[in-house]
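Please read these points with the model open beside you.

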Amino acid sequence: VDKLLETVKHLSFPRRSASAEEARAAEYVASRMKQSGIDVTFQPFWAQHTFSWVFACIYAANLIAPIAALYSARYLALFFGVVSILSFYAESNTHEVFARLVPKFPSRNVIGVIPAARERLGTIIISAHYDSSRSGLSFHPKMVKGLRTSYILMSVSLAVNSVVAITSALFGRPGIAYLAAPTVIYIAFAILLFVHREFFGKVTPGANDNASGVAVLLDVADRLSAEPPRHVEVYLVATGAEEAGTVGMIRFLDAYKASIKGAQVINLDNLGTGNLKYITAEGMLHTYRSSPELLSHAEVVASENPDLKIGPMEYRALTTDSLAAMVRSYPALCVMAFDDEGILPNWHWPTDTWENVDPSNLARASEFVYKLISRLDAHLPLR
Ligand SMILES: [Zn+2]
């Protein structure tokens with residue numbers, strides 16, 4: 001049987017962020033790294049179960065602004081109008097604002113290190129999150145294509161709401177606040193969608209998202225530990241609570257700051273089905289460019305190995321662990337796979353099962369990452 005698919009199968013069960021099931025998955029990932037002879041540590045941290053309540057709070061805060069304006073509470077309107085916009089932008093770029101206020105539960109990163117065989121001239125972090133997401137109507141196969149559009153529409157609505165509320169409050173004209181009625185309805189509906197997701201959504205088996213990335217991470221780890229790169233030290237980081245807001249990656253970068261100075265990140269997410277891509281830029285609103293150095297090596301590996309069937313693409317949907325790294329000034333490159341319309345197949349939907357994962361995708365992704373690291377090892381020092 002295919003070993004990579006076997007790993008995906010093994011991990012395909014609901015693994016909600018910061019849950020007991022997530023912890024069980026962490027144990028499995030750690031045991032696999034240990035089998036490859038790798039030193040493994042757990043990095044425990046606290047995380048929320050979901051990003052739903054964080055964004056529901058931001059939207060609710062935004063709705064308070066026009067209501068406050070109606071009652072001529074001008075400072076309240078100003079405060080909530082401004083805070084909601086700033087925190088929406090911050091959270092969309094993996095900066096925690098409202099995320100600090102919601103209840104937290106134990107989660108952990110699984111971290112393995114493969115030291116360079118000779119002198120260390122560079123550090124590469126290979127990351128893949130091992131938790132899985134809850135489904136929600138926004139991810140319905142008929143709706144998911146509109147996710148980015150509705151996200152942009154939401155940003156505009158929040159801004160309009162704030163501007164109307166603040167104008168109304170500052171000029172002492174409560175009547176103006178009524179102009180916000182359409183956006184208030186839209187934002188209230190979005191809050192209902194989050195509530196619906198948390199009460200009626202199912203935590204998916206997460207075979208593609210992201211048992212596939214973990215399987216590739218473990219496969220590459222196995223190969224690298226058998227014959228470590230000469231000058232590249234490799235950190236293998238299986239992150240927890242990514243689906244709750246890239247919490248594991250944020251905690252890792254923070255806690256390991258001193259030992260990973262100058263490191264580059266290769267992040268693996270949703271590799272199991274569709275067309276393999278290395279990501280050139282990410283971000284919902286703000287654009288973060290991937291590591292130019294990793295990109296140039298990725299280009300060479302892709303063109304020298306057409307059988308890997310991998311090419312470049314921009315990714316402009318929800319945040320990834322690589323985005324969290326780029327926001328924190330770590331050069332990063334994400335590897336993913338998309339359907340012909342550029343959508344992640346079975347994304348955050350109950351159909352994300354191991355039967356829908358293509359073993360050939362996993363093998364090609366693993367080969368790509370392995371070749372990329374070998375190439376980096378031959379071209380050190382990194383910038
Ligand atoms: Zn994912």
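1. The end C-alpha atoms of H5 are 34 Å apart, which agrees with the 34 Å that its 24 residues should span at 1.5 Å a residue. The expected span is 1.5 Å times one less than the number of residues. Helices here are DSSP runs of H or I with at least four residues, strands are runs of E with at least two, and both are numbered from the N terminus. Just after H5, Gly-172 has a positive phi of about 60°.

2. On the source: this is a predicted model, in which local features need pLDDT of at least 70, side-chain atom pairs count only at pLDDT 80 or more, and totals for chains, interfaces and linings use all residues. Residues are numbered from 1 along each chain as its sequence is written, and side-chain values use heavy atoms, with hydrogens and water left out.

3. Helix H3 (residues 52–70) has 19 residues and reaches 28 Å from its first C-alpha to its last, close to the expected 27 Å. Ser-72 follows H3 and lies in the loop between H3 and H4. Its phi is near 60°, a positive value in a residue other than glycine.

4. Check the peptide bond from Asp-209 to Asn-210, which is cis, with omega near 5°. Asn-210 is placed in helix H7.

5. Helix H1 (residues 3–11) packs against helix H7 (residues 207–226) at an angle of about 135°, with the axes 9 Å apart. Axes are lines fitted to C-alpha atoms, for helices over the stretch in contact, and angles run from 0 to 180 degrees between N-to-C directions. H1 and H7 are therefore oblique to each other: angles under 35 degrees count as roughly parallel, over 145 as roughly antiparallel, 65 to 115 as roughly perpendicular, and the rest as oblique.

6. The largest pocket has a volume of about 830 Å³. Of the 45 residues lining the largest pocket, Phe-51, Leu-147, Tyr-151, Phe-194 and Leu-318 are the closest to its centre. A pocket is an open set of points on a 1 Å grid over the protein atoms alone, with protein on both sides within 12 Å along at least five of seven lines; a cavity is a set where a 1.4 Å probe fits but cannot get out; lining residues have an atom within 4 Å of a point. Grid points are joined across faces, edges and corners, and a volume is the space filled by probe spheres set on the points.

7. H3, H4 (74–92), H5 (147–170) and H6 (181–200) each supply at least two residues of the lining of the largest pocket. H6 gives the largest share, six residues. By class, this lining has 23 nonpolar, 15 polar and seven charged residues. Ala, Val, Leu, Ile, Met, Phe, Trp, Tyr, Cys and Pro count as nonpolar, Asp, Glu, Lys and Arg as charged, and the others, Gly among them, as polar.

8. The second largest pocket holds about 200 Å³ of space. Among its 14 lining residues, the closest to its centre are Tyr-315, Arg-316, Ala-317, Gly-342 and Ile-343. Strand S8 (310–315) and H5 each supply at least two lining residues, and the largest share, three residues, comes from S8. This lining divides into nine nonpolar, one polar and four charged residues.

9. How many cavities of 30 Å³ or more does a search of the whole structure find? The search finds one. The largest cavity contains about 60 Å³ of space. Its lining has no nonpolar, five polar and five charged residues, including Arg-16, His-49, Arg-134, Arg-197, Glu-198 and Glu-243.
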